[in-house]
Amino acid sequence: QRGNLHAEVLVLGAGPGGYTAAFRAADLGQRVVLVERYPTLGGVCLNVGCIPSKALLHVAKVLTEAEAMSHAGIHFGRPRIELAELRKWKDDVVARLTKGLSSLAKQRQVPVVQGVGEFVGPHALKVKTAEGHKTITFDACIIAAGSQAVKLPGLPDGDPRVMDSTDALRLDEIPRRLLVIGGGIIGLEMATVYHALGSRISVVELQDGLIPGVDRDVIKPLEKKIRARYEAIYLKTRVAKVEALNEGLRVTFEGDQAPEPQVYDRVLVAVGRRPNGKAIQAEAAGVRVDERGYIPVDRQQRTNVPHIFAIGDICGEPMLAHKATHEGKVAAEVIAGMKSAFDARTIPSVAYTDPEVAWMGATEIDLKAQGIDYERAVFPWAASGRALAGGGADGLTKLLFDKATRRLLGAAMVGPHAGELISETVLALEMGAEAEDIGLTIHPHPTLSETVYFAAEMAEGTITDLY
Ligand code: FAD
């Protein structure tokens, strides 16, 4: 037990939640120690999540847009893909960011202890480091240990052809035929990447639609586009068996629409993520973990143990980096004695597919279930000059307003840059904006952001100008 440390604030896990909490706590004058099992900071998001996937999705976008320009008389020919160079470029993007985080930690004099941590008491964490065990005692602790990919039982163990998202992002090879198990955001983003790089893609999804839970009208343009591009999309279908053969992975399906068994070069399992709550000996600190592995918290991110907080993927859905960072700030501020609370009206979601899909606030599915009287305004991007010029004619922007108060309740969009456009509606919802407020806000022309304004004008019955 050499080199034991004491922290005023101990942060377990250096993902977006953990590093944000650690830096905020240090800025507020606390003595912070950050514990992370991997050599780089940034967690899933920077190392094997948001950032490498978006780097590769950028490549996918360039490839598909270049190909689409043939409609405009511009022919680039077949791209030559040097996989090793592409991998290096993607790794460089990640490394720049993770190195940046290390220097931010140094600037703030936040020591990073590299090793696997587990609680050994309500004020002590044992860390297994390369040099042996260290015990760090703490006054307060923020648990930010994140989540991991759910594994499907019965798949060939240790076969490199069966991938999770981390494996897929490594880009070992471009399989000729790839089956993506799970039609959620992560599966469809990776499908977008591999399709652009030349794989033939099939997607299998248990539910009756892709990205379940989101209004179908915004998913339809995505589904239509990828049905035309991909080899197959099997809905309401389950993978019953995967057998490892020399020539590939033989997959047997179950369900009404199930095809005959098929052989794929690789399979990507993207069936969700589960929180790491059961992997940190939380019980030794008296912290309650629910049966799924989540750590329940209150609006101040406090667990059932008053000096221990939890943030990010480990404390609940949605598992998104921007939720983790906001919660991280709240926890650090509460520990420093500030009156902070997680008080967001909504957490926006984006699928960075082609086309992009973004949504926030209530969906129509939610509003109907809650019996709320709402008005729906949908602006089709086919009526936007900018969208037509930029390959987004099949997009749409939908705003949902409370019929009685005229306030914005939710928004959803599909089309290029939908993920950028959604922020305006998040701000509108946070500010309690009414349809009229958005309709009276001058948006630059010609932009895709105008589609938000046009939809609001449609709700107000004042729309006069299109294109
Ligand atoms: P994590 O990022 O999971 O970090 C937890 C950290 O804790 C890890 O570094 C882990 O090594 C460490 N840790 C865990 N246990 C221990 C232990 N016992 N001892 C020491 N260290 C430990 N979200 C978005 O908002 N936008 C996106 O575009 C997006 N894309 C994604 C793409 C993919 C492929 C994946 C997998 C996820 C994506 N996400 C995205 C989700 C996002 O990555 C997570 O929501 C986010 O990383 C959660 O942050 P966190 O701080 O809670 O935990």
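Student: At what angle do α3 and helix α4 pack, and how far apart are their axes?

Tutor: First, some ground rules. Residues are numbered from 1 along each chain as its sequence is written. This is a predicted model, so local features need pLDDT of at least 70 and side-chain atom pairs count only at pLDDT 80 or more, while totals for chains, interfaces and linings use all residues. Helices (H or I, at least four residues) and strands (E, at least two) are DSSP runs, numbered from the N terminus. Now the general idea: two packed helices are described by the angle between their axes and the distance between the axes. Axes are lines fitted to C-alpha atoms, for helices over the stretch in contact, and angles run from 0 to 180 degrees between N-to-C directions. Here α3 and α4 (residues 83-107) pack at about 135 degrees, with axes 9 Å apart.

Student: What do we call the orientation of α3 and α4?

Tutor: Angles under 35 degrees count as roughly parallel, over 145 as roughly antiparallel, 65 to 115 as roughly perpendicular and the rest as oblique. α3 and α4 are therefore oblique. As for handedness, a crossing is left-handed if the near helix is turned anticlockwise from the far one by less than a right angle, and right-handed if clockwise. α3 passes α4 in a right-handed crossing.

Student: Which residues of α3 and α4 meet?

Tutor: Two residues are in contact if their C-beta atoms, placed from the backbone, lie within 7 Å. On the α3 side you'll find Ile51, Pro52, Ala55, Leu56 and Val59, and they meet Leu86, Lys90, Val93, Val94 and Leu97 of α4. By class, that contact has nine nonpolar residues, no polar ones and one charged. For the classes, Ala, Val, Leu, Ile, Met, Phe, Trp, Tyr, Cys and Pro count as nonpolar, Asp, Glu, Lys and Arg as charged, and the others, Gly among them, as polar.

Student: How do α3 and α6 cross, left-handed or right-handed?

Tutor: That crossing is left-handed. The axes of α3 and α6 (residues 185-197) come within 9 Å and cross at roughly 45 degrees, so this pair is oblique. Among the α3 residues in this contact are Leu56, Leu63 and Thr64, with Glu189 and Val193 among those of α6. The tally is seven nonpolar, three polar and one charged.

Student: And what about α1 and α8, parallel or antiparallel?

Tutor: α1 and α8 pack at about 30 degrees with axes 7 Å apart, so they count as roughly parallel. Their crossing is right-handed. The contact includes Gly17, Gly18 and Arg24 in α1, and Gly328, Lys329 and Glu333 in α8. It divides into eight nonpolar, five polar and four charged residues.

Student: Which residues are closest to the ligand?

Tutor: A residue is near a molecule if its C-beta atom, placed from the backbone, lies within 6 Å of it. The ligand is surrounded by 36 residues, the closest being Gly13, Gly15, Gly43, Gly146 and Gly312. Elements giving two or more residues to this shell include α1 (16-27), α3 (50-68) and α8 (321-335). The shell has 18 nonpolar, 14 polar and four charged residues.

Student: What is the mean pLDDT of the protein chain?

Tutor: pLDDT is the predictor's confidence in each residue, from 0 to 100. The chain's mean is 96, and 99% of its residues reach 70 or more.
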